[in-house]
Every structure is written in C-alpha cells, then in structure tokens.
Amino acid sequence: MNKLQKTTTGISGLDEILNGGLPRGRPTLIFGGPGCGKSALAMEFACRGALQFGEPALLVSFEESAEDIITNFASCSFGCAEAIKAQSVRIDSIRLNHDHAVESGEFTLDGLLVRLAHSVKSIGARRLVLDSLDSLFSRFSDTANLRYEVSRIFQWIKTMGVTAVVTCEQGDGDFTRNGLEAYVSDCVIHLDHRVAEQISKRRLRVIKYRGSSHGADEYPFLITSEGISILPITSLVLETEAPTDFLSTGVDGLDRMLAGKGYYRGSTVLISGAAGTGKSTLAACLGARNCQNGDRCLYLSFEESTSQIVRNLRSIGIDIDPHIRKGLLRMEPIRPCNFGLEEHLVRVHAIVESFKPDIVIIDPITSFSGVGNRQNIKSLLLRVIDFIKAKGITVAMSSLTPGSGTSEETETEVSSIVDTWIIIRFKRTQAGRRRQIYVHKARGIGHTQTMGELVLSDAGVAVKPFAPITEAAGGAK
Amino acid sequence: MNAKPTQSTNGKPCADSADKWELILFVAGKSPKTQQVMHQLVQICEEHLAGRYGIVMSDILESPEQAFAFDIIATPTLLRTHPEPMRKIIGDLSQTSKVLSALELAPCATG
C-alpha cells in the first residue's frame, strides 16, 4: 500500500478541506487573479511550517525584494519576522527583469535549480514556495524551451521531496495563464476574489487532488492579520458530547422558570421580542453572570457600540467593564453591512478560534436581513450555530420580532434549531406596558409553562411571576 | 572561481574601445554542449576582439555562490563585466547576430 503522505499547512480550515494537508514532497499549484491572496497563502504555509511544525521553508519570490516581503507581512501574527530571524524561513528574491538579458539560443534553468538546491540545503528546508512562475514566462521568449525547463523544476521538487507551493496567475476561464496545471498532477487550488455590491468575497476551491478526497465546494475565506481563515461549510460535524451541566441565565427568576437551573451548557438560546423588550439585556446577563464565574464570553454586537452597551447595562446595575478589562468578555461590534454574509461567517469563525469563548452572544441575528436574502441568511446562521455548537460553546442570540412582538415566528426561521427559546412581549395592562416573558421551548429541561414578568430597573434585572394586576398586588413579589 | 582564461594573440580590432573585454561564461557542468558554447564564444571574440579579451568559465555546479553573486538563473549565460555597461546573454550563443548586437559588436565596419 502506497498511502499518500500529507503536510499540514496549519492554515485554519484549509487542512480540513484538504483532508489533512497538501501532498507531502510534491508540488501544489495555487492560482488566481491579482490580489486573490496567493502570496499570502504561500507565505503563511511557509511560516507556519517553520514555526509550528519544525519544517524550515524556502520562499523564492520572482517579483518582490526580500525587504518588501518582510514589510508586507510584518503585521501578520503567524510569525514571519520571527521565522526569518530564526533562519527557519529563508527568502530569496530573484528579480528577473532587472538585468535586461538578451536571449540567444537554447538554455536550461540550471542556474535556478542550483540556487534552489543550495538554499534548500542551507536551512534544511522541507517546504518551498515559488511565487510566481508566470514571471519566468514573461522573462523568456522561447516558451517551448521554458516549458521543458519548468517541468524539470517540478521534477526536481519531487526528487528533493520538498512540499512545494507554486503560485501562478489566472488566465481566461478556469485555467492558469500559462497552462501550468498541465505540469502539476497532484494538487491544484484556485483562489478567487470578487467584489459584488461593494462587498468583497474571497473563495477557495480545490480543483484537483490526486489520490485524496477533498472538499469540493467553493469555500469563503478571509485574510486577516492572523492569516488566512477558511470555514469549511460541509465538514462541520457534531462530535462534542452534549454537556449535562448548566449555565445560569444571569437572572435568578429566569433560572427558576428553567427548572431552577438555567440553560444547558453548549446549547443554543434564542431570545426574541419586539424593540425595547430587553432582549439584548437578557443576553448580556448571561455573559455578565458567567464571566463572574470565570467563563469567557464573546459578544458580537451588530447594532450597538461597546460603549453604548456598557452604558446601557450600567443604567440597570450591571457593570461589564471589569470583565472586559480582565479579558473574559470580548466585545466585537460589527456593522452587518460592512461585509458580505460569507465574510461575517469567516470573521466569526476567526474570532471564535482565537478567543476560545465559552459563551457567544449574537445581538441581534435579525440585523442581517439587510445584507442578503432570507435563504442565505438562514444558511449563514445555521452554519454559525453549527460551528459554535460543535465546539461545545453556548450561544445566545437575540432576535427582533417585527411589529407588536406577538408573533411566534421569528423572521429568520432559526427557531427549529435552537434548544431554548425565550419570548418577551409587551403586555398592555391598566398599569401600562409590562414585559411578559415565557419559555416557549427548552429541550431537555422541565421548564415552567407560566408567564413571568421581566423587570428592568436601576436595581437590576429581575424575573417575577406575572401577576395580572400589579397595582393591587403592590409589593407582592 | 573555476577560472580558465583564454586569451587571443592576434586578430583585427573591430570595436571602438581599446579596452580589454572581460567576459564570464556561466555553465552547469562539463558537457560536450558546454565545450561547444565555449568554442562558439572564442570564435566570436577572435573575430571581433582579437587580442583584447579574457574569458573566464564559471561552473555553477561547482561554485553555486557564483550563481547568487551574478544573479544567474539560466545556463549558459554570458556576462560582460567590462566594459560598462554590464551585458547579459542567455542561451547557447547559436544566434550569432543577436549576440553581436547585444554586445554592440555589430556591424563590424571599421577594419
């Protein structure tokens, strides 16, 4: 049996799509248009190899100087500068168009091969990046001769047994400009960068991977200071065992309505209601209470700024500032319209991967309705929830119910996948508007069927049994 | 450097400059093909630069650092280091007219 060996790239999400990594000791072709992220992916492959997997990497650039490359990646957190300083990444810049050389007759690329071999040996490189091969094609006019030499480079890569990433430009259609895919039989990856409706979309697709299964979809990805982040859509699997312990909702009265315990850890909670009913506050209570117990909470705010949230909560006696300062509570205000749905997804993915929260609050999920159609939003939310749930993280989402808030249909139709659904609505009474709260469903929890009243005051947040006439009941609690 | 200077002894001067030309021929390994390129180069030099040229042959398989120092990626590569400006010719020099024009040796008018 000759099992294909793989090299872990260390790039978030990519190894899952590649079912383990790139073919070990072989060349992989990465192509796409200008600005698609080829060089960024190649650089991250090199640096992560060197720093995380002890595989030194040689990066040969035919376009940029080593200084420019180092500057470009200086702000990246995957450790470009450290790797170079530690001499586990070496950058060779081979500027082809600088010497105005004239071609006369047949040539070989032995000069390049000698240099590659020498540099690979000098640092014991196990990974190699050639960025990009098209520069060779623009340099030499005798393309027949060059093609033969390029195939020798690929052969040399296999002989050396270095795992190589070779980048090239996209030509017409789904092919590379210089037909380089013909030389690489092992693995070909296509990167795409489109801007639609002022929103940038990056996608990655594995075109072929000989001898290995791989994800076949187009995967959205993001380039952040932490590198490339890809969320494989179809590889989500529910591996985590359902936790049996509970998290307080942050409001004792509401805990009592949920069998005296609260939400299951790792479950999905939906809090829906009309504007002003206190959905966000209730979601924040979950974070505030559990941060006190040392849990980590990520608050994705799609409508309010951090300072607004802090101020509003302070007005009802909840101070989340200490949790933020301790690093237990991370506030991430995001404008829904700033990115496309896919970018939101990968962004959330990237933040969750780096912050490793116990609780994620999404406030509110309904703010996405401006950035896509119903079907896409639903699929986005399902993917976000699947991904967070698969990690055993508790997720609480607020959802704005249009109109009076009496409807039990949420706009985004995620209610079927949530474990616990809390509904808040305004109830007109003789005493004025009061907030009625009830548990619409709670999987696996013997919850109360009775109505509660949500009271927001400067003394804090409380949930009491809903008494029909409060004035008469007076101080009765 | 794997130096093997070859110097002409006599011939008709052709280029304007009375300077001695310094040429380096970068090759990868010793093969009949390498010998052929060297032969071709000597012939050109004898015809146009007789008596005032020096050729150094550099084998990058033996001295890889030379490939880095002179930014060589293809072989054979002919480098004119003197007179200025530096000239680089890639290939087996079989297209003589191209070589001559790149070195500014053509046309050979002045006798």
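How many of the 15 residues of helix 2 of chain A are buried? The count is 13, so helix 2 of chain A is largely enclosed by the rest of the structure. A residue is buried if 20 or more other C-beta atoms lie within 10 Å of its own, exposed if 12 or fewer, and partly exposed in between, with C-beta atoms placed from the backbone.

This is a predicted model: local features need pLDDT of at least 70, side-chain atom pairs count only at pLDDT 80 or more, and totals for chains, interfaces and linings use all residues. Residues are numbered from 1 along each chain as its sequence is written, while chains are lettered from A and ligands numbered from 1 in the order in which they are written.

**Chain A overall**

Chain A has 477 residues, and 47% of them count as buried. Its secondary structure comes to 14 helices and 23 strands. Helices (H or I, at least four residues) and strands (E, at least two) are DSSP runs, numbered from the N terminus.

**Two helices**

The expected span of a helix is 1.5 Å times one less than its number of residues.

| Helix | Residues | Expected span | C-alpha span, end to end |
|---|---|---|---|
| Helix 1, chain B | 32-49 | 26 Å | 25 Å |

Just after helix 2 of chain A, A:Gly54 takes a positive phi of about 60°. Just after helix 1 of chain B, B:Gly51 has a positive phi of about 90°.

Helix 1 of chain B buries B:Val37, B:Gln40, B:Leu41, B:Cys45, B:His48 and B:Leu49. Seen down the helix axis, these buried residues fall within an arc of 130°, so they line one face. The arc is that of the directions from the helix axis to the C-beta atoms. The buried residues pack against strand 2 (21-27), strand 3 (53-59) and strand 4 (77-82) of chain B. The face turned away from the buried side carries exposed B:Pro32, B:Gln35, B:His39 and B:Gln43.

**Where the chains meet**

17 residues of chain A are in contact with 25 residues of chain B. Contact requires C-beta atoms, placed from the backbone, within 7 Å. On the chain A side, strand 6 (102-103) and helix 5 (110-123) are the elements that give two or more residues. Helix 5 of chain A gives the largest share, six residues.

Strand 6 of chain A pairs with strand 5 (residues 87-90) of chain B in the parallel sense, over two bridges. Two strands pair if DSSP finds at least two bridges between them. In strand 5 of chain B, B:Ile90 is the bridge partner of A:Glu103.

Conventions. Contact = placed C-beta atoms within 7 Å.
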